[in-house]
Amino acid sequence: LTSTAVTASSFAYICDAKGEETPESGPYQRVAKPAAEFIQNDVAPKYGKDWSGLVGTSSALPSTGQVQKLLMSNTSRQLLWYGPGRMLQGIDASTVSPLSLGHVCFAGLFEHAGDDAGLRQRRSMSNRKAAAQRDVEESAHASAALLGARGVWCTAVPLFLGHVDACADGLNSILGKLSGGGAATIGEMFMIERSEIAGRVASAAAAAADGKSAGAVRVPLPHEPYCTVVYGIPSLVVKK
């Protein structure tokens with residue numbers, strides 16, 4: 001699988017497809033920038049010129065045609081979803097289901113809980129839907145299963161929606177591993193990441209308990225976002 005090695009230098013991204021991200025703080029102090037600003041101004045310029053994608057704003061959302069065109073493009077060999085809520089809460093399954101995505105070797109779904117306002121909006125929208133549809137859209141596995149059924153080789157998805165700051169930190173960490181080595185395969189990379197997160201959470205908890213950095217330690221939500229499941233082919237090579 002060396003011919004399909006995954007690299008940080010080229011991603012097609014869909015960022016906050018519903019345009020719900022705001023700079024407001026949730027119940028925990030927020031450090032991360034709104035999704036569009038974070039991806040377009042911080043992440044994409046840092047890791048390579050071959051990043052392109054779609055961003056939702058309060059005034060304009062990506063259309064079904066735009067999303068399908070991006071997914072089918074030559075630049076979408078590696079896909080990144082970043083934003084609040086599950087992927088299928090941001091785009092309809094019917095947008096993806098007709099497509100053949102065998103050219104996509106890796107999809108990273110960096111989903112987080114979002115801010116209070118967006119969370120209330122998603123809950124309000126979900127409550128209007130049938131229970132079966134709601135269960136699918138909110139499932140940790142449905143997006144990965146759909147992408148795999150359409151041909152995506154490997155998908156990484158968090159089991160739980162965590163704090164936006166932890167999600168942003170995790171994305172930077174994963175991209176750093178893709179660009180700097182340290183792991184031979186996608187599966188190994190996420191195992192290393194999970195171990196590092198456990199260490200960071202333990203250190204933060206100890207620091208808070210000792211009172212050494214009161215008010216400065218960000219308290220993580222009960223489930224950090226990178227209790228990650230890797231579907232498909234975890235032996236995909238990470239390009240050195």
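Is Glu 196 buried, partly exposed or exposed, and what is its relative accessible area? Glu 196 is partly exposed, at a relative accessible area of 34%. Buried means under 20% relative accessible area, exposed means over 50%, and partly exposed lies in between (1.4 Å probe, protein chains only).

This is a predicted model: local features need pLDDT of at least 70, side-chain atom pairs count only at pLDDT 80 or more, and totals for chains, interfaces and linings use all residues. Residues are numbered from 1 along each chain as its sequence is written, and side-chain values use heavy atoms, with hydrogens and water left out.

**Salt bridges**

The whole structure holds 4 salt bridges. A salt bridge here is a side-chain nitrogen of Lys or Arg within 4 Å of a carboxyl oxygen of Asp or Glu. The table lists some of them.

| Pair | N to O distance |
|---|---|
| Asp 42 and Lys 33 | 3.1 Å |
| Glu 193 and Lys 177 | 2.9 Å |
| Lys 177 and Glu 196 | 2.7 Å |

Glu 193 pairs with Lys 177. Glu 193 sits in helix α9 (residues 186-210) and Lys 177 in helix α8 (residues 164-180), so this pair ties together parts 16 residues apart in sequence. Helices are DSSP runs (H or I, at least four residues), numbered from the N terminus. Both Glu 193 and Lys 177 are buried.

Lys 177 also meets Glu 196 in a salt bridge. That pair links helix α8 to helix α9, 19 residues apart. Lys 177 has a relative accessible area of 11%. Shared partners join Lys 177, Glu 193 and Glu 196 into one network.

**The Asp 42 pair**

Asp 42 bridges to Lys 33. Asp 42 is partly exposed at 29% relative accessibility. Lys 33 is partly exposed at 34%.

How values were computed. Helix = DSSP H or I, 4+ residues; strand = E, 2+ residues; numbered from the N terminus.
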